[in-house]
Structures are given as structure tokens and as C-alpha cells.
Amino acid sequence: MSHTGVDVIDFLFYTIYPVIGLLAIEGLARLVRAPKWSKLWAQAALSIGFGVYYWFVLPAPQNFPMTALVLFALAAALIYQGKRARISPDKSPY
């Protein structure tokens, strides 16, 4: 991907890292039997962290603002679902 200044392998790693983090939180939450809302909010915090890193920390030709926007939207959805799960845990399928 010469137009972004990022190698293809690096781009794949940047794509896979948030997925690995989300799955790790899911596995850990199931292992310790954490409440659904805490798992969802932890995943939202991870998404916000990756979004900030991808947009503001990476140098300008190699940053991913669109990916960061998608991660911020995912974080907003996870926070909303976590709020719903905290209010009524029986109605939350997550």
C-alpha cells in the first residue's frame, strides 16, 4: 500500500490488533464470569484506545482516520449496549 506509506503486512496487523483485543476481553470476561455490561464497556474502552492511537499517535502519512472513526462508532454502540445490559441484564443477548 504505497499510497499510505504502510506495508501490506503492517496494515493487516493494524487491522488484526483490535480484533485480538476484543476477543481477549471476551474470553477473559467469560473465564471470570464478569457481568455483561463490564465486558461491553471494557471492549468500548479498548476500541477508543485503538481509535485514538490510529488517528492521533501514528505519524501523519501512516495514520488511519477512517478506521479510527469506525472504532469510535463501535465504542459508542458498545457503551449503549452496556448501558442496556446494566439496566436489564435478562434482555441483553450479549
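This is a predicted model: local features need pLDDT of at least 70, side-chain atom pairs count only at pLDDT 80 or more; totals for chains, interfaces and linings use all residues.
Let me begin with Tyr17, which is partly exposed, with a relative accessible area of 41%; on this scale buried means under 20% relative accessible area, exposed over 50%, and partly exposed in between, using a 1.4 Å probe and protein chains only. Residues are numbered from 1 along each chain as its sequence is written, and side-chain values use heavy atoms, with hydrogens and water left out.

Tyr17 sits in helix H1, residues 8–32, where a helix is a DSSP run (H or I) of at least four residues, numbered from the N terminus.

Now to the charged side chains: how many salt bridges does a search of the whole structure find? The search finds two, a salt bridge being a side-chain nitrogen of Lys or Arg within 4 Å of a carboxyl oxygen of Asp or Glu. In one, Glu26 pairs with Arg30, and the closest N and O atoms are 2.8 Å apart; both residues lie in helix H1, four residues apart, which is about one turn of the helix. Arg30 counts as exposed, at 63% relative accessibility.

Glu26 also forms a salt bridge with Lys39, the closest N and O atoms being 3.2 Å apart. Because Glu26 lies in helix H1 and Lys39 in helix H2 (residues 36–57), this pair ties together parts that are 13 residues apart in sequence. Lys39 counts as buried, at 9% relative accessibility.

Terms used: Helices (H or I, at least four residues) and strands (E, at least two) are DSSP runs, numbered from the N terminus.
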